[in-house]
Amino acid sequence: MARGTDYDVVVVGSGASGGMAAWNLARKGVKVLILDAGSKFNRGDFWTHLSPWQERERRRQGKRPPQFLLSREEQPYEWVDDRYFDLWRVWGIGGKTNIWGRVSLRYSDLNFSEPERDGWEVSWPFQYKDIAPYYDNVDRLIGVNGGDDDEPWLPGSRYHMPPPGARCGEVLLKKAAASAGRTVVTGRRAVITRDHRGFAACHHCGACGKGCDTGSFFNSADHLLPFAMETGNLEIVENAVVGRVFVNDEGLASGVQYFDRYTGKEHVVPAKRVVMAASCVDSTRILLNSKSRQYPNGIGNGSGVIGNYLCDQVRFHMPAFAPQLMGRATSNDDGISGGHIYLPRFDKPGDKRDYLRGYGVQFWGGGCQSNASFAKKLPGFGLDFKQSVKEHYPALIQLHPYGEVLPRASNRISVEGTPSDRYGVPLFRIEYDIGDNERKMIEAMYDTAEEILHEMKAEVLPYKRGEIDKFGSAIHEHGTCRMGADPKRSALNGFCQMHEVKNMFVVDGSAFPTATEKNPTLTILAMAWRASDYLAEQMKKGNV
Amino acid sequence: MLDQPTRRQALKTAAAATALPVALGVQAGAAPLVQVATPYAPRNLAPAEFRLITALVDMIIPSSETPGAAAAGVDRYIDEKISGDDARKGKIRDGLTAIERAGFSSLDAEKRVALLTEFSEAEGARGEFFQLLKDLTIDGYYSSEIGLAQELGYKGNTFLKEFTGCTHEEHL
């Protein structure tokens, strides 16, 4: 496709949601332009297979691995007082799928309709049966490994690849949880454990966080975009930092303004349809900055909900040691990096609890890691200390509960009164806090973690009940451009189409009405696939 | 405050570094016949401070059947790690001054342990200094080949076709 031809759809962002929308549209013959704020991270440059000491030596030589995270120096943002929100942003092809945790959990009807049951904010405008075929599609396309379990809060899949075996500590955790009355299931991760679509199966080096040099976990940059390019229907402009979406007299999106990330040169690309997929906070910033006569509060924001209801998850990290594993011979415990098991949410509708919503528990990796930072919390120094670290090292287990944060209007992203960035586009401010509901839930999360570790007679490192990770650490921002049945209380319909602007779609995590207790990427992929199916259909019918 | 590197010392070190290859008959541009290990010249600490760090990290993680923190280059790791972080650098240097004022260098091994124990149990600046030094020592030692591979027996970051997981009868 020659540069500058008429595009049917302009997609902003190339991560999970943008990559999916672009791939699905391109293969249907739709001409797509992707604007991404960064460039491709070269797999050959990753430091995947360096030991910690080799890495240190390279750094001494002044070398650096690819820098995935956008720095706050380049793109600052504001927060309120001591309520810092640690926002992880990746400006680059593939977005956060370059470094994501790969946990791939289906949401259930219990999640989708929970606001209806407990009366807090709005329910999802679709049901499990609507999205289930897309979950199936996504599992098959990207390759998700997992078990054959099927839980009320975690619907099963017929398309899982074989999962990796559970590590010693995970086997013991599973047993302890069962004694405490909790069902731990096999983890579900978007790591291919069999060769798949031209990509080699995972080789279990455990270094996924540094980027996978064999492309063995789902990354939009490798698993979607090259396939979309092959259709001849996709063009990508790299380092295109989108500022605003312009509208025509009819109030429809008509163009997208972007700036070259490095030269600052402004461009405007005409757009017949726009799909926003720049991640929750960045998409929301663009929408709020897209002010016009028709949309003084930002495009499609007549309801005033855009920017509000920011929600994610509270979590904490509890390392402990399995007594059965203390001082054992070491083994290679890398696996697919991170947890191979998962404890799904287990409460039942109607249970008496003093908080709304709930939590699930991840376990991250355990056993022999490539560091021993747990040792900082072991007492003393000297020979005894050194011996103690060695004994604890193979016995490490880790509990990592994630609890849903309620959507609240007061948790929000705004662009009013903020300074502008180097391109003259207003920056955003994040106002965020948790409330009593979360604090009560955090108590319950600690109870569950303690129950399991007590069953195990595990040694737990010193901790303070109630403490949680920094706001934003879950990296699961949602809710600031939510979908819903009621246009007065939501910005999008169930197909991610703006109620007010028919040729605008928002397909990233900002569309989620609730955060749920689960990791969102699988649902983002399924939702973006479904939304882009709908968009292609509406285009065919001439409706948009 | 401990002694700062003086111009005289710096010149001496530089002279030694250039003199050695000449003494060994190495031609400029030719591959050296003998690898000469030049002693590490600290960039963020004075020589006396660096010597103190070397002694302290080796007390936190001493050599046993495997080498300790000094042999693993943790002193150099810390000198590099505090670069560009004035708050941390200040904490380390103030702590070193405090422990030296308490007579550390003139004490025998047993009394040094007693003094460091005192620091490790102290509230406030002394305790914070010890914890920072311990944290940095742990990071440096257990990310070195000596600490992670030799001492702990790390076997990861390699190619495994299948990951079978736990196969121990007693765990299942």
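Predicted model: local features only at pLDDT ≥ 70, side-chain atom pairs only at ≥ 80, totals over all residues.
Okay, some ground rules. Local features here need pLDDT of at least 70, and side-chain atom pairs count only at pLDDT 80 or more, while totals for chains, interfaces and linings use all residues. Residues are numbered from 1 along each chain as its sequence is written, chains are lettered from A in the order in which they are written, and side-chain values use heavy atoms, with hydrogens and water left out.

So, chain B by itself. We've got 7 helices and 0 strands, where helices are DSSP runs of H or I with at least four residues, and strands are runs of E with at least two. Of its 172 residues, 38% count as buried, meaning under 20% relative accessible area with a 1.4 Å probe, protein chains only.

Now, the interface. How much area do chain B and chain A bury between them? About 3800 Å², with 57% of it on carbon and sulfur atoms; that's the accessible area (1.4 Å probe) the two parts lose on being put together, summed over both. On the chain B side, B:Asn157, B:Phe163 and B:His171 lose the most, together 20% of what that side buries. The contact (heavy atoms within 4.5 Å) takes 50 residues from chain B and 49 residues from chain A.

What about charges? There are 3 salt bridges between the chains, each a side-chain nitrogen of Lys or Arg within 4 Å of a carboxyl oxygen of Asp or Glu. A:Arg194 forms one with B:Glu162, the closest N and O atoms being 3.3 Å apart.

Notes: Buried < 20%, exposed > 50% of the residue type's maximum accessible area, 1.4 Å probe, protein only.
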